[in-house]
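Here is a short note on this model, as requested. The points go from the overall fold to the core and then to one helix.

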Amino acid sequence: MQIFIPDIYQKSIYDIDYNKLKKKGIKCLLFDLDNTLVPVNNDIPTKKVKELFNVLEKDFKIIIISNSGKKRLTPFKEGLNVDVSASSHKPFKKKYLKIMNLYKFEYYEMAAIGDQLLTDICGANRIGITSILVNPIGDYEKWCTKINRFLESFIYRKLRKKGLLEKGDYYD
Ligand SMILES: [Mg+2]
């Protein structure tokens with residue numbers, strides 16, 4: 001169960017204390033796309049995300065790591081001018097390791113931000129990088145995410161019973 005517990009839990013990507021991450025030695029941020037940066041049915045980056053990335057770029061290397069395909073990622077790669085990793089098969093380790101190798105970051109220099117315990121948080125925890133959970137934005141979800149959410153609800157219930165994670169109880 002430990003593998004599903006995020007290191008940090010915040011309401012949204014706009015509530016994360018990025019200064020604290022910087023002080024901790026984090027140099028690279030891996031953002032999930034769907035329902036973390038924008039709702040699933042949103043095809044282009046919003047002004048708000050652009051503004052956040054403009055600020056974060058000064059301190060961090062930003063990479064979007066998504067289980068969605070290249071076609072979905074392209075407008076975000078171009079619109080936000082960031083590197084992307086499509087079809088990443090989170091929580092499998094392969095793409096995380098590839099990114100670490102390619103960009104020469106150590107696991108303790110990276111943080112991953114996402115809205116799903118089964119993919120984003122589990123993936124980050126498996127590789128030992130800082131895992132940050134945020135609430136999903138938007139109500140629409142793909143069928144595969146719906147299955148994940150169903151499983152996730154059991155994990156949330158178990159973690160809650162053990163006093164390990166409670167929805168809405170944010171921590172840094
Ligand atoms: Mg997501």
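The points below concern a predicted model.

1. Overall layout. The protein has six helices and six strands, and from the N terminus on they run β-α-β-α-β-α-β-α-β-α-β-α. The radius of gyration is 15 Å, close to the 16 Å that the globule rule gives for 172 residues, so the protein is as compact as a globular protein of that length. Along the principal axes, the C-alpha atoms fill a box of roughly 40 × 35 × 30 Å.

2. Contacts and burial. Of the contacts with a separation of 6 or more, 67% are between residues 24 or more positions apart. Buried residues account for 34% of the 172 residues.

3. Core. The largest nonpolar core holds 35 residues, and those with the most contacts inside it are Leu30, Phe31, Ile64, Ala111, Ala112, Ile113 and Ile132. Elements that give two or more residues to this core include strands S2 (28-31), S3 (61-65), S5 (110-114) and S6 (130-134), as well as helices H2 (47-56) and H5 (117-127).

4. Ala112. Leaving aside residues up to four places away in sequence, Ala112 touches Leu30, Asp120, Gly123, Ala124, Ile129, Ser131 and Ile132.

5. Helix H5. Eight of the eleven residues of H5 are buried, so this helix is largely enclosed by the rest of the structure. The buried ones are Leu117, Thr119, Asp120, Ile121, Cys122, Gly123, Ala124 and Asn125. What covers them includes H4, S5, S6 and helix H6 (143-161). After H5 comes Gly128, with a positive phi near 90 degrees.

Technical notes. Residues numbered from 1 in each chain as written. Predicted model: local features only at pLDDT ≥ 70, side-chain atom pairs only at ≥ 80, totals over all residues. Core = buried A, V, L, I, M, F, W, Y, C linked by C-beta atoms within 7 Å. Buried ≥ 20, exposed ≤ 12 C-beta atoms within 10 Å, placed from the backbone. Helix = DSSP H or I, 4+ residues; strand = E, 2+ residues; numbered from the N terminus. Contact = placed C-beta atoms within 7 Å. Rg over C-alpha atoms; globule rule 2.2 N^0.38 Å.
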